[in-house]
Amino acid sequence: MRLHSSSLHSSLRDPVIGSIGFLNEVMNRYPEAISFAPGAPHPDTLKDIDTERYVSGFLDHLVQKGRSPGQARRLLFEYGPSSGIINDIVADALRRDHGIDAPAHSLVMTVGAQEAMLLVLRALFRSAEGVLAVANPCFVGIIGAARLLDIDVIPVDETDAGIDLDGLEQTCRSSRKAGRPVRALYVAPDFSNPGAAHMLLGSRRRLLDLAEREGFLVMEDNAYGFTAAPGSELPPLKALDTAQCVVHIGTFAKVAFPGARVGYVIADQPIGSPPGETLLADELAAVKGMVTVNTSPLCQAVIGGMLLEHGGSLIELSRRKSEIYQRNLTCLVDALDRHLGDGSHPGIRWNRPRGGFFVRVRLPVPADAALLEVSAAEYGVLWTPMRQFYLDQAGDHQLRLSCSYLDPEQIEEGVRRLAAFLPEEVERRLTAAGTLLPEEHQ
């Protein structure tokens, strides 16, 4: 039977769904190019992973908790509960390191943060009446999940200091007036992907006040908080949440390794009235039972063992990785300053994030697939067009550079190639279009 694309779900034709595949295809065609495209962990962080040792440590932990050795082993080979088997270890680490005081039964261990987003959206959006607000630009994973579930998404501008709270408040009012209230907000307050925004403490408190007043839940993505420079860390939104407005989503892809495919969600919002009160986490576990049944107990054991080996501390587990990413980010910004910051290319600008994996570069010409093709084929350097991260055309003249996967020498050489490529191609495109440098860039 031959199927017609028009008979399939409309999300399958959405450019967001194919954006990751597009970048992989370009990287495969130019394997020798220096790639600032992937937001993947640095290879050095994967060298000393010993899964057998971590599993053994987790089994010892289970025995110390009262299970027999046979019971402990069987736990790793059976389906296991949908909610997870390392919830207590993760809850203790979050309490110790980040001040998030959430009971273990309010956590659900997920197949990465992506599944957590899908579960939360499925549970929260009962009908088409509500809308999901997102920071603009936004991680494509949440936009893609919303598209798959037919949830309407509304953008709210993001600055280097985080989401525009005045704009969010206005969006809540206008959406409510139109009969389609904001049901949830997705935000990454610490070095968001791709914008690298970092929300100040006062803004975090104001956001929580707004959420409580307007009646929406905040989906907090905390994938990059661990990359903050020592002494500059701010509490996650969930640590400041006194009204249970925040659903906190985390992942071990960056602080441990992505191949484990283990994430988590804290959903301590009560449902119904006592007695018999349940939590949103219970509902998420029920949905998960129909999606992936459970998160691999063996993979959870590896992550649990890694945490236990580091004193049950997320900070200790991620310390060396944080140092690598801080080093790389500094190298990238410094290299941009040296090679493109002499004032001779005023139309090319970039932000200066204090953490995370990404730097955004603004151009006076479109940063589109055609420009990427020239960059890869003629100059041997790859990057990510920002258009896919926006719900409007605001990103058409921006590109994203990721520094996480590269060594300092590669970053230096990659920026040198960018410095040879960008001014020449910008000038050529402006000349071909018969336009002058826009006034804002002069």
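The lining of the second largest pocket divides into 12 nonpolar, 8 polar and 5 charged residues (Ala, Val, Leu, Ile, Met, Phe, Trp, Tyr, Cys and Pro count as nonpolar, Asp, Glu, Lys and Arg as charged, the others, Gly among them, as polar). This is a predicted model: local features need pLDDT of at least 70, side-chain atom pairs count only at pLDDT 80 or more, and totals for chains, interfaces and linings use all residues. Residues are numbered from 1 along each chain as its sequence is written, and side-chain values use heavy atoms, without hydrogens and water.

The second largest pocket holds about 550 Å³ of space. A pocket is an open set of points on a 1 Å grid over the protein atoms alone, with protein on both sides within 12 Å along at least five of seven lines; a cavity is a set where a 1.4 Å probe fits but cannot get out; lining residues have an atom within 4 Å of a point. Volume is the space filled by probe spheres set on the points, which are joined across faces, edges and corners. Helix 12 gives the largest share of this pocket's lining, 7 residues. Helices (H or I, at least four residues) and strands (E, at least two) are DSSP runs, numbered from the N terminus.

Helix 12 also lines the largest cavity, giving two or more residues, as do strand 16 (398-402) and helix 14 (408-433). The volume of the largest cavity is about 30 Å³. Its lining has 9 nonpolar, no polar and no charged residues. Among them are Leu-336, Trp-350 and Leu-422.
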